[in-house]
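Dear colleague,

I am passing on a structure for you to look through, together with some notes on its backbone and strands. Please keep it open beside this message as you read.

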Amino acid sequence: MGPLRLGMTKEEVERVCQEHRIGHSGATGPDGLQVDFHAGRATRIEILAEYPFARLSLAGQVLPDVSDETIRRLLAKIIPLPGNWTEPEASGLAVFHWELSDTFVFSFRLFLPGYRTIREDGTPVLPAPVRPPRRVSASFSCDACARTAAVATTTPSMGLLDIDWSPARLEEVVPFAQRQRVLQAVKAASPAALFAVNEAFAPFYCPACQKSYCREHWRFEAAGSEDAAPPLCPRGHHRTR
Ligand SMILES: [Zn+2]
Ligand SMILES: [Zn+2]
């Protein structure tokens with residue numbers, strides 16, 4: 001931004017603007033420059049990409065043009081670009097397009113950490129902290145060999161249930177209405193409760209024995225038959241309710 005910098009006081013910004021005979025009023029005002037202040041300091045500067053009163057530079061290079069290709073290339077020189085390269089939030093720079101389909105940049109926004117979005121009074125709208133989704137696991141041991149029969153892991157916010165029934169790994173989608181019951185079942189390490197929600201959620205569990213078994217201790221019909229019978233538990237139960 002040349003002489004204009006984030007963190008400047010209002011007076012300093014006024015002086016620079018007067019020296020260069022530019023205004024900074026109104027986001028889409030005639031001057032194409034907007035400076036927002038909070039507690040007397042510039043926290044956000046937004047400027048038209050094709051600003052007529054100054055030359056913009058990025059990564060130490062005066063912009064030859066404002067095509068996506070150029071801006072992206074220059075940005076990549078100074079920061080690792082995220083998937084959405086126009087929102088490299090951590091860099092304190094956001095890149096806007098007038099229309100989503102545009103292939104050239106409309107404006108740039110420089111901001112202090114947390115000031116990407118502000119309220120009308122200039123205070124920052126802090127993004128919610130990103131927390132990893134909560135996962136809860138339970139492991140079930142085999143009643144025949146005492147080794148781990150299966151490990152069930154649920155991620156309730158995503159509606160997922162992973163079942164490691166070695167060597168099989170199953171990923172089940174849990175309908176919204178069942179997420180709470182699945183979470184409770186895993187928390188309680190209750191294969192019966194999991195089975196009660198959906199038989200597919202506890203394939204390692206025999207309801208007749210009320211026991212879990214590792215995959216080795218279930219007897220599967222030879223592969224290749226059209227209508228494979230349900231597997232048999234070590235005590236000869238078909239796996240049905
Ligand atoms: Zn076993
Ligand atoms: Zn059984």
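Aspartate 164 has arginine 169 as its bridge partner in E10. Please bear in mind, as you follow this pairing, that the model is a predicted one.

As for E10 itself, how many of its six residues are buried? The count is zero, and the strand is hardly covered.

Two further residues deserve a careful look for their phi values. Alanine 146, which is not a glycine, has a positive phi near 70°, and its place is the loop that runs between strand E7 (136–141) and strand E8 (148–155). Is alanine 146 buried or exposed? Because a residue counts as exposed when 12 or fewer other C-beta atoms lie within 10 Å of its own, alanine 146, with 9 such atoms, is exposed.

Glutamine 210 also shows a positive phi, of about 60°, although it is not a glycine. Its loop lies between strand E11 (205–206) and strand E12 (211–212), and with 11 other C-beta atoms within 10 Å, glutamine 210 is exposed.

Key. Residues are numbered from 1 along each chain as its sequence is written. Chains are lettered from A and ligands numbered from 1 in the order in which they are written. This is a predicted model: local features need pLDDT of at least 70, side-chain atom pairs count only at pLDDT 80 or more; totals for chains, interfaces and linings use all residues. Helices (H or I, at least four residues) and strands (E, at least two) are DSSP runs, numbered from the N terminus. A residue is buried if 20 or more other C-beta atoms lie within 10 Å of its own, exposed if 12 or fewer, and partly exposed in between; C-beta atoms are placed from the backbone. Two strands pair if DSSP finds at least two bridges between them.
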